[in-house]
Amino acid sequence: MNISQLIHRHLPASLQLAAIFLLAWIAAPAAAQPAAGPAAPSATLFVNVNIVPMGRETVLRGQSVLVRDGRITAIAPALAAPAGARVIDGGGGYLLPGLADMHVHVRDRETLAMLLASGITTALDMGEAPNAMVGRTRAAVARGEVPGPRLLAALAVDGSPRFGHLVVPSAEAARWAVRLAKANGYDFIKVYNGLSSEAFAALAEEGRAAGLPIVGHSVEAVALERQIAAGQAMVAHLEEFLYAFFRMPEGDDGQAAPDESEIVRAVASIRASGVAVTADLATYQAIAGQWGRPEQVQAYLDMPEARFLSPADRIDWRRSGYQRRTGSLAERAAFLGRFARALAGADALLIAGTDAPTIPGLVAGDALHRNLAALEAAGLSRHQALATATSGPGRFVARAMPGSGTFGIIAEGARADLLLVEGNPLEDLAVLRRPIGVMAAGRWHDAAALAALREGVAEVYSGAE
Ligand SMILES: [Zn+2]
């Protein structure tokens, strides 16, 4: 039986088309094979670095770090270089875990390059990645043939075509969606607003059996508290709590902020459940900034970073509907800042996410640094802000994907995903924007290589205009 017979025989009609569509991505002709990267030495020794380990709030001064086969194997003030090892003199710079953006939308290899060039070594695609990206391209990144972060991926499903996602109209379709996601290498199921409660329950149950945790939005028919009780592992975004958790003021016009006492209630519930929450302040602020203001969308398109925006995203930004809305989200944006600060203060599991590049104003890579700055401006300590992009995602993935390996901290046995910068990020987060180099899965990319990646992206996108 060939694969299309298999689909017709075993899949409900509602999912046949989706399956054929996914398979079409797999079967798409391979693009020209990239040249393999330079053979990485099996061992790298960093000397003369100060370590910002992120497992606890401290700086370990004057250290050496040995990396073998993609893992950190030793940390000590002085280590001898094994035969054949590459030695990188950090020159008194600061070594910290590579960064994570846990809400991106990756459509092409250029986005992967931009993430890596920005110090991001883990990214979670939250839906709409072509199947070829989740399958073939991701495997090529893992082999070192395509430069990029480790990519995790969620398959987005909804109950109606309103937002353009794969529709699962029934519990049966939901179970098939989880099986298809599993077979195609997805790590998570992303739930969207319009799912029925039956479909949500089936996704949660089948997802648990398949090892694909539920992440995503509030589902209108279920509401966040019950979603979390059913095992949803992560809520994206922070503002979902406005739509399906907080008691809103009388006559809510969709723009008012809840009473401050609601923050206490939400923080207690989030702490008790252990659910991860995406701290996406820069995203909501970008939306608030362009709300009813077309000139702000134009300003975003004129930012220097916008040359790293694909022609397709440039068109999407121009068309975005937020600029035609009325009123103001300023109060809600400020409220979400106070909510994020309270969550960090209670040691809730916050993970950084940006929604780049689908929301106007957020360029992949650059967006994460904007989000770190927004978190600091909201009153998080620099260590708390940095934890949302390092140890927080590490804790979340360790819990959601047991056995997938430690990352997000500098410790023996952790993945060798590292960022080397000149200054202490706990004194100034902006130093993270100018890496001396980035190590992803043990592969070193120095500043010149990172600059070449960026320029390559700008060239590809300008040539495609
Ligand atoms: Zn998104």
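**Figure 1. Ala440, a buried spot in strand E15**. In this predicted model, Ala440 has 26 C-beta neighbours inside 10 Å, so it counts as buried. Ala440 belongs to strand E15. Leaving out residues up to four places away in sequence, Ala440 touches Gly98, Leu116, Thr121, Pro149 and Asp417. Leu66 is 374 residues from Ala440 in sequence, yet the two C-alpha atoms are 14 Å apart in space.

**Figure 2. Ala441, the residue with positive phi between E15 and E16**. Here we step along to the loop between E15 and E16, where Ala441 is found. Phi of Ala441 is near 50°, a positive value in a residue other than glycine. Most residues other than glycine have a negative phi. Is Ala441 buried or exposed? With 21 C-beta neighbours inside 10 Å, Ala441 counts as buried.

**Figure 3. Asn48, another positive phi, this time in strand E1**. Asn48 is not a glycine either, and its phi is positive, near 60°. Its place is in strand E1, which covers residues 43–51. Asn48 has 15 C-beta neighbours inside 10 Å, so it counts as partly exposed.

**Figure 4. Where domain 1 touches domain 2**. The protein splits into domain 1, made of 43–97 plus 412–463, and domain 2, made of 99–400. Taken over C-alpha atoms, the centres of the two domains are 27 Å apart. The contact involves 26 residues of domain 1 and 29 residues of domain 2. On the domain 1 side, the elements giving two or more residues are strand E4 (86–97), strand E15 (437–440), strand E16 (443–446) and helix H17 (447–463). Which of these gives the largest share? That would be H17, with eight residues. Sorted by class, this side of domain 1 has 18 nonpolar, three polar and five charged residues.

**Figure 5. Helices H10 and H14, crossing at roughly 95°**. Two packed helices are described by the angle between their axes and the distance between the axes. For H10 (residues 281–290) and H14 (residues 366–377), the axes come within 7 Å and cross at roughly 95°. H10 and H14 are therefore roughly perpendicular to each other. H10 brings Leu281, Ala282 and Gln285 to the contact, while H14 brings Ala367, Arg370, Asn371, Ala374 and Leu375. By class, that gives five nonpolar, two polar and one charged residues.

**Figure 6. H10 again, now with helix H13**. H13 spans residues 330–345, and its axis is 9 Å from that of H10, at an angle of about 170°. That makes H10 roughly antiparallel to H13, since angles over 145 degrees count that way. From H10, the residues in contact are Leu281, Tyr284, Gln285 and Ala288; from H13, they are Ala330, Ala333, Leu336, Gly337 and Ala340. This contact has seven nonpolar, two polar and no charged residues.

**Figure 7. Helix H4 and the glycine just after it**. H4 (residues 131–142) has 12 residues and reaches 16 Å from its first C-alpha to its last, close to the 16 Å expected at 1.5 Å a residue. Which residues of H4 are buried? Asn131, Met133, Val134, Thr137, Arg138 and Val141 are. Just after H4 comes Gly144, with a positive phi of about 85°.

**Figure 8. Helix H5 and Gly185**. H5 covers residues 171–183, and its 13 residues should span 18 Å at 1.5 Å a residue; the end C-alpha atoms are 19 Å apart, which agrees. The buried residues of H5 are Ala173, Ala174, Arg175, Trp176, Ala177, Val178, Leu180 and Ala181. H5 is followed by Gly185, where phi is positive and near 90°.

Figure 9. Most peptide bonds are trans. His237 sits in the loop between strand E11 (234–235) and helix H8 (240–244). Look for Pro357 in the loop between strand E13 (350–352) and H14.

Terms used. Residues are numbered from 1 along each chain as its sequence is written. This is a predicted model: local features need pLDDT of at least 70, side-chain atom pairs count only at pLDDT 80 or more; totals for chains, interfaces and linings use all residues. Domain bounds come from an automatic or database domain assignment. Two residues are in contact if their C-beta atoms, placed from the backbone, lie within 7 Å. Helices (H or I, at least four residues) and strands (E, at least two) are DSSP runs, numbered from the N terminus. Ala, Val, Leu, Ile, Met, Phe, Trp, Tyr, Cys and Pro count as nonpolar, Asp, Glu, Lys and Arg as charged, and the others, Gly among them, as polar. Axes are lines fitted to C-alpha atoms, for helices over the stretch in contact, and angles run from 0 to 180 degrees between N-to-C directions. Angles under 35 degrees count as roughly parallel, over 145 as roughly antiparallel, 65 to 115 as roughly perpendicular and the rest as oblique. The expected span of a helix is 1.5 Å times one less than its number of residues. A residue is buried if 20 or more other C-beta atoms lie within 10 Å of its own, exposed if 12 or fewer, and partly exposed in between; C-beta atoms are placed from the backbone.
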